[in-house]
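Thanks, everyone. I will take a few minutes on salt bridges and then say a word on confidence. Please have the structure open.

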Amino acid sequence: DTMRRVVRQSKFRHVFGQAVKNDQCYDDIRVSRVTWDSSFCAVNPRFVAIIVDASGGGAFLVLPLHKTGRIDKSYPTVCGHTGPVLDIDWCPHNDQVIASGSEDCTVMVWQIPENGLTLSLTEPVVVLEGHSKRVGIVAWHPTARNVLLSAGCDNAIIIWNVGTGEALINLDDMHVDMIYNVSWNRNGSLICTASKDKKVRVIDPRKQEIVAEKEKTHEGARPMRAIFLADGNIFTTGFSRMSERQLALWNPKNMEEPIALHEMDTSNGVLLPFYDPDTNIIYLCGKGDSSIRYFEITDESPYVHYLNTFSSKEPQRGMGFMPKRGLDVNKCEIARFFKLHERKCEPIIMTVPRKSDLFQDDLYPDTAGPEAALEAEEWFEGKNADPLLISLKHGYIPGKNRDLKVVKKNILDNKPAANKKSDLINAPKKAADASNTQNDAKLDEILKELKSIKDTITNQDERISKLEQQMAKIAD
């Protein structure tokens, strides 16, 4: 027994965090000052989106990743909400589609042009209306296309089929108090929620039933978080009765006692957990802290192993977490954060130092790719599927994203069934109608694109003439 190694072997013991140089930050951004505990930032391999202060409504910035440096005050925003935006989430199956939830009680889904915005975007692809109070949480389904969850201060969770703009599941009687967060499990068959009543609930959304719950997960009154891990266990952060920050690990099949429970410190910022299922590392970013702590989850005691802390001078207002396929595998980068300050967004890169230049397959097991495993209808009918995995051996090359199409179903069209004979006569007519509608939709699309190109050209012309005037002035 004395020969047992005191130091646990782990390839992540020396994970090294580093902030990028100043010219690789996004500067002069007025980060939102709304008092809401969401991360205010969402990133994917193409864009970083940041909720910003906006007068008379709600807005967020969407910047192509390479657009670093000072961001002009007049830079276009996504600004269709009439109240402050509280949460944003990129679609995992389309890097140009993002959802936003707002104080105006709506959820909006937006399609961002391939090279970013040249004009402010005010028209969402679809507006999802169903909450009676502000919407503070939006979360896309991990494996089914166009399935989006939203949770509001009306204590309801709604699951939408974005492709038709319909609310398909409404869980409005499961929470008696505010919902702090919602997390899908790996294949999207269950969700877990943390709520102000100190309960963590595991819910089967399609059966609309609570599968497991734990009262007083953390005794303290301050906000908690609960997320699913890849193995189906649940990781929570919260506060003890003495206001110490805690983290815990739970098995949903038996939530009597935690698998592990650790006290951390007495700071009062809510700990936002970011989880990487490929490496089983959890990064904890406290709102208002200036550090990121990270832990490895294993199946041997003490189960949650502290690895290290990345510290910086400035406190963080929010944090974005890059999906695995957006990382630089040649630099052994295993995580990238986008830390929000008051006026800027600063990328922080986590690497595992290695001597070799070869691809490190132990650091990069196959990871969730951008292809959806299921269609929305299949999931709603009861099918489950794990994420479709891709190899990062040659880095991730983004493919072409298909446009998000919303096919609104018209309730008035559902006529009562007539006798079958007349239906047979009408069948060819229906087919012709359908193809006409398709052609109309295509025509609309082409006209829209034409208009947007024309607008861009007009804007560029104006800009050119302005610049020419300025040149003329200087020359004079």
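Start with Arg33 and Asp53, whose side chains form a salt bridge with an N to O distance of 3.3 Å. This is a predicted model, so that distance comes from predicted coordinates. The two residues are 20 apart, and the pair links distant parts of the chain: Arg33 is in the loop between β2 and β3, and Asp53 is in the loop between β4 (47-52) and β5 (58-64). Asp53 has 23% and is partly exposed.

Next, Asp28 and Arg343. Their side chains make a salt bridge at 3.2 Å, N to O.

Salt bridges link Asp28, Arg70, Lys73 and Arg343.

Lys451 and Asp455 form a salt bridge through their side chains, at 3.0 Å from N to O. How many residues apart are they in helix α2? Four, and because of that spacing about one helical turn separates Lys451 from Asp455; the helix itself covers residues 420-475. Lys451 counts as exposed, with 52% relative accessibility. The cut-off for exposed is over 50%. Asp455 is partly exposed, with a relative accessible area of 29%.

Those are examples from a longer list. Over the whole structure, the search finds 23 salt bridges.

Now confidence. The mean pLDDT of the chain is 90, and 92% of the residues are at 70 or more. Where does pLDDT stay under 50? One stretch is residues 1-5, and there the model has zero contacts beyond four places in sequence. Another is residues 414-431, where the model has one contact beyond four places in sequence. Note that helix α2 is assigned to residues 420-475, and that residues 414-431 are under 50 in pLDDT. When you look at the start of that helix, keep both ranges in view.

That is what I have. Comments are welcome.

Technical notes: Residues numbered from 1 in each chain as written. Predicted model: local features only at pLDDT ≥ 70, side-chain atom pairs only at ≥ 80, totals over all residues. Heavy atoms only, no water. Salt bridge = Lys/Arg side-chain N within 4 Å of Asp/Glu carboxyl O. Buried < 20%, exposed > 50% of the residue type's maximum accessible area, 1.4 Å probe, protein only. pLDDT = per-residue confidence, 0-100. Contact = heavy atoms within 4.5 Å.
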